Amino acid sequence: LLILPITVYWQTVFHEYGFRDDYAHLREVREEPGKLFNFTASNGRPVYGAVLESSLKPVYDVSDLPLLRLTGAVLLTAAAVSRGGGWRRAGWADGEALGVALATTLLPGAQVAIGWAIAWPIVLSMVFSLAGFAAVEAYLASPTRRRLPYVAAGVALYFVAGLTYQSTALFAVVPL
């Protein structure tokens, strides 16, 4: 589970290329600091804009974009490990949980998120929402005196996921 997503996406991650929006965002970060953040914040995605703008600042060339795609691939792998563990805890057989977790890393949305350098925060949003879901699960399993921190953490993580990329925050945990 840890090796397959990186292996499958290896050529995509490390090939030297960029899409039109990659170039446009790189230019904006260099020539108009804050514009990308302001635009994404106006669309309800301030965390997306903040992390994207901060991750593009050290990128000077197309040859630097693989680091962003690798970040997305690593986050996607972390999400798959989290999902697989969640399904195992829910009573799924090890093979089924592993198979479905691996399959989710190969879905078209995952392929887009890995192939497009500026899409890595979308995968970050999914990780936030999965962490929020895990916090709520911990709330349900905890003794009554210690439930409030789990609820607060779950709400905060869902909120951050929604401020990163709303649709990911809403639908990342549906298969569970």
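Hi everyone. A quick definition before we start: a helix here is a DSSP run of H or I with at least four residues, and helices are numbered from the N terminus. With that in hand, Thr104 is found in helix H6, which covers residues 94–104. Please keep in mind that what you see is a predicted model.

The protein has 10 helices and zero strands, so the pattern along the sequence reads α-α-α-α-α-α-α-α-α-α. Its radius of gyration is 17 Å, close to the 16 Å from the globule rule for 176 residues, so the protein is as compact as a globular protein of that length. Along the principal axes, the C-alpha atoms fill a box of roughly 55 × 35 × 20 Å.

Of the 176 residues, 40% are buried. Among contacts with a separation of 6 or more, 73% come from residues 24 or more positions apart.

Is Thr104 buried or exposed? Thr104 counts as buried because its relative accessible area is 12%, and the cut-off for buried is under 20%. Its side chain reaches the backbone oxygen of Ala101 at 2.6 Å, and it also makes a polar contact with the side chain of Arg83, at 3.5 Å. Leaving aside residues up to four places away in sequence, Thr104 touches Arg83, Trp87 and Ala110.

Now for the rings. A pair of aromatic rings is described by the distance of the centres and the angle of the planes. The count here comes to four aromatic pairs. One of them is Tyr17 with Phe19, edge-to-face, at 5.6 Å centre to centre and 80° between the planes. Tyr17 is buried, with a relative accessible area of 18%, whereas Phe19 is partly exposed at 41%.

Tyr48 and Tyr165 also pair up: their centres are 6.1 Å apart and their planes stand at 50°, so this pair is tilted. Tyr48 lies in helix H4 (residues 46–56) and Tyr165 in the loop between helix H9 (147–164) and helix H10 (166–171), so the pair ties together parts that are 117 residues apart in sequence. Tyr48 is buried too, with a relative accessible area of 11%.

Last, two arginines over rings. Arg69 lies over the face of Tyr17, at 4.0 Å from the ring centre, and Arg30 lies over the face of Tyr60, at 4.2 Å from the ring centre.

Definitions and conventions:
Residues numbered from 1 in each chain as written. Predicted model: local features only at pLDDT ≥ 70, side-chain atom pairs only at ≥ 80, totals over all residues. Heavy atoms only, no water. Helix = DSSP H or I, 4+ residues; strand = E, 2+ residues; numbered from the N terminus. Buried < 20%, exposed > 50% of the residue type's maximum accessible area, 1.4 Å probe, protein only. Polar contact = N/O pair within 3.5 Å; in protein donor to acceptor, adjacent residues only side chain to side chain. Contact = heavy atoms within 4.5 Å. Phe/Tyr/Trp six-rings, centres within 6.5 Å; stacked < 30°, edge-to-face > 60°. Lys NZ or Arg CZ within 6 Å of the ring centre and 35° of its normal. Rg over C-alpha atoms; globule rule 2.2 N^0.38 Å.
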